Amino acid sequence: MPTATAINGGSSIAACLARKPTIKPTITSGICSANYSVCRCSGENRTTAAPFQSWVLARPTWFRTAAGSEGPVTVEATKSAVEGLKSSDGGDEEKVDKGEKGFSEEKAARMNRRHKGSSEVVGNADLLTIPGVGPKNLRKLMEKGFREMAELKQFYKDKFLGKSNDTMVEYLQSSVGIIHRNHAESITAFIKESVDEELKDVDIDVKAAAKKRITFCVEGNISVGKTTFLQRIVRDTIELRDLVEVVPEPIDKWQDIGPDHFNILDAFYAEPHRYAYTFQNYVFVTRVMQERESSGGVKPLRLMERSVFSDRMVFVRAVHEAKWMNEMEISIYDSWFDPVVSVLPGLIPDGFIYLRASPDTCHQRMKLRRRAEEGGVSLDYLRDLHEKHESWLFPFQSGHHGVLSVSKLPEQMDKSLHPDIRDRVFNLEGDHMHSSIQKVPALVLDCEANIDFSRDIEAKEHYARQVAEFFKYVKNRKEVSSSQAGDSGLLGNRQILLPREGGLFLPNEKHFPQSALKSLEFRRAMSFMSGQ
């Protein structure tokens, strides 16, 4: 490659600079390393459509010739070359400055966006630690208003504490928009475990509050007015609104079973011979599930629509007597009824509220509400159910027509009852009464009259006062019973029993030996149903 040197004066360098697009100069050792001018150009004889950007490093100093003489021509040539470079670029330097400025602004904006996104991620980093929460699910949670894990935990405490995990899983999928169920289940499980850990410190207080909580089961015939009572009287009156948590009968579960959405309530009414045992068995299971889901409530009084005891003493008995449930099926039902109730004390209420009306009145109300499944329910069936409710919860004058008997409270206890309910409260007792509800009080309310509770405010408040006074009475009674029991750990006067003699039915039609029955650990066998 040709080279140009500065040994013999400035003319050679000037020639080199003038040919900058095609000649790459080299500087020999004759040039002082501290005072130099360099032009970096393309290779010799190589042309391009647009000239390459050239960089000239120049200092206002003198080049030295080999002979040591100063060469002002060299300096002038260098200045001319630099000016030539600027002019040959056609003003690109100004464009470069503007381009560099635009680039700097774009970079700064990009850095700001990155910083903002980083801050957002940092602010929600704890949500990303939850299993099942990735970038997409994080965005969905944030759009729903959950900016940090503490907010999600508080929402769980307010809405789902004490309830089945499925309720929160369903919320995350339907309301938040989390597509995959396993993600929703992972989030729910993690939040539940975290909340449970936080509540360990106050676990003693929670258990104490649960022990003080009162549970009433609202009983009555079909169409007697239980829904009206629970919605219009309990939820809409000042006396009870903040006092009561209502747990309605799980009819929706009976009407929608499995992926095929089977309606077992409708199937039972249509073919009672085929579905009587299956239906009553599933009713019991759903009541167990419902009790567990509502056990974590904080309101002092829990009102549950019907109970496992009315299932057994009224409806199971009715279908058995109607020959819709055979001897084998009733034996199977009885074989597990006692042991399950024994390990699930939450199924045993502190009191009953019996809504009483004649079968004819119930029949008229049933025709008015027009529930599709009840189209085939006859007046005779309602009369049979009425008789069984009466013999269970209300005093039967002859004392011989019912499975159970009810006696009035002893006179010495009447003093603690409010005058509005003094003649309406009875104790359940009798040889055929289940041991766990012996001596449990029952309040009987007359619901024969057709009252429009949306207009008759006085009547509605009268019913509400009776329930409130009954609550006060049972609460005081429970506190007295607990103080007498001390630290013995007993549940008042409730007795835990194994199944009745001969209660287990075997395929060979023989009864399970009583000696072997006593040795069985039913608490351990049934503990899975209580979540222990």
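Predicted model: local features only at pLDDT ≥ 70, side-chain atom pairs only at ≥ 80, totals over all residues.
Colleague: How many helices and strands does the chain have?

Modeller: The chain has 21 helices and nine strands. Of its 532 residues, 39% are buried. Among contacts with a separation of 6 or more, 65% are made by residues 24 or more positions apart.

Colleague: Which residues touch the most other members of the largest nonpolar core?

Modeller: The general idea comes first. In soluble globular proteins, nonpolar side chains tend to be buried together. In this structure, the largest nonpolar core has 86 residues, and those that touch the most other members are F229, F284, L303, F352 and I353. Helix α19, residues 457–485, gives this core its largest share, nine residues.

Colleague: With which residues is F229 in contact, leaving aside its neighbours within four places in sequence?

Modeller: F229 is in contact with V218, V234, L303, I353, L355, L445 and V467.

Colleague: How do the residues of the lining of the second largest cavity divide into nonpolar, polar and charged?

Modeller: Applying the convention with which we began, the lining of the second largest cavity has four nonpolar, three polar and four charged residues.

Colleague: How much space lies in the second largest pocket?

Modeller: A pocket is an open set of points, whereas a cavity is one from which the probe cannot get out. The second largest pocket contains about 970 Å³ of space. It is lined by 46 residues, and S223, G225, K226, T227 and R369 are the closest to its centre. The lining is made up of 24 nonpolar, nine polar and 13 charged residues. Helix α10 contributes the most, with eight residues. Among the elements that each supply at least two lining residues are α10 (226–234), α14 (272–294) and α17.

Colleague: Which residues of helix α17 are buried?

Modeller: In helix α17, residues 359–369, the buried residues are P359, T361, C362, H363, R365 and M366. They pack against α18 (379–393). After α17 comes R370, whose phi is positive, near 55°.

Colleague: Is E390 buried or exposed?

Modeller: A residue counts as buried when its relative accessible area is under 20%. E390 has a relative accessible area of 9%, and is therefore buried. This residue lies in helix α18. The side chain of E390 makes a polar contact of 2.7 Å with the side chain of Y354.

Colleague: What does K153 count as, and what does Q154 count as?

Modeller: K153 counts as buried because its relative accessibility is 15%. Q154 counts as partly exposed because its relative accessibility is 38%. K153 lies in helix α6, and Q154 is placed in helix α6, residues 149–159. Residues up to four places away in sequence aside, K153 touches I191, S194, V195 and E198. As for Q154, 41 residues in sequence lie between its position and that of V195, yet their C-alpha atoms are 8.6 Å apart in space.

Colleague: Which residue is joined to H462 by a polar contact of the side chains?

Modeller: The side chain of H462 is joined to that of Q466 by a polar contact of 2.9 Å. H462 is in helix α19. With 34% relative accessibility, H462 counts as partly exposed. H462 and D420 are 42 residues apart along the chain, and their C-alpha atoms are separated by 9.0 Å.

Technical notes. Residues numbered from 1 in each chain as written. Heavy atoms only, no water. Buried < 20%, exposed > 50% of the residue type's maximum accessible area, 1.4 Å probe, protein only. Helix = DSSP H or I, 4+ residues; strand = E, 2+ residues; numbered from the N terminus. Contact = heavy atoms within 4.5 Å. 1 Å grid on protein atoms, 1.4 Å probe; cavity = no way out; pocket = protein on both sides within 12 Å on 5 of 7 lines; lining within 4 Å. Points joined across faces, edges and corners; volume = space filled by probe spheres on them. Nonpolar A, V, L, I, M, F, W, Y, C, P; charged D, E, K, R; others polar. Core = buried A, V, L, I, M, F, W, Y, C linked by side-chain atoms within 4.5 Å. Polar contact = N/O pair within 3.5 Å; in protein donor to acceptor, adjacent residues only side chain to side chain.
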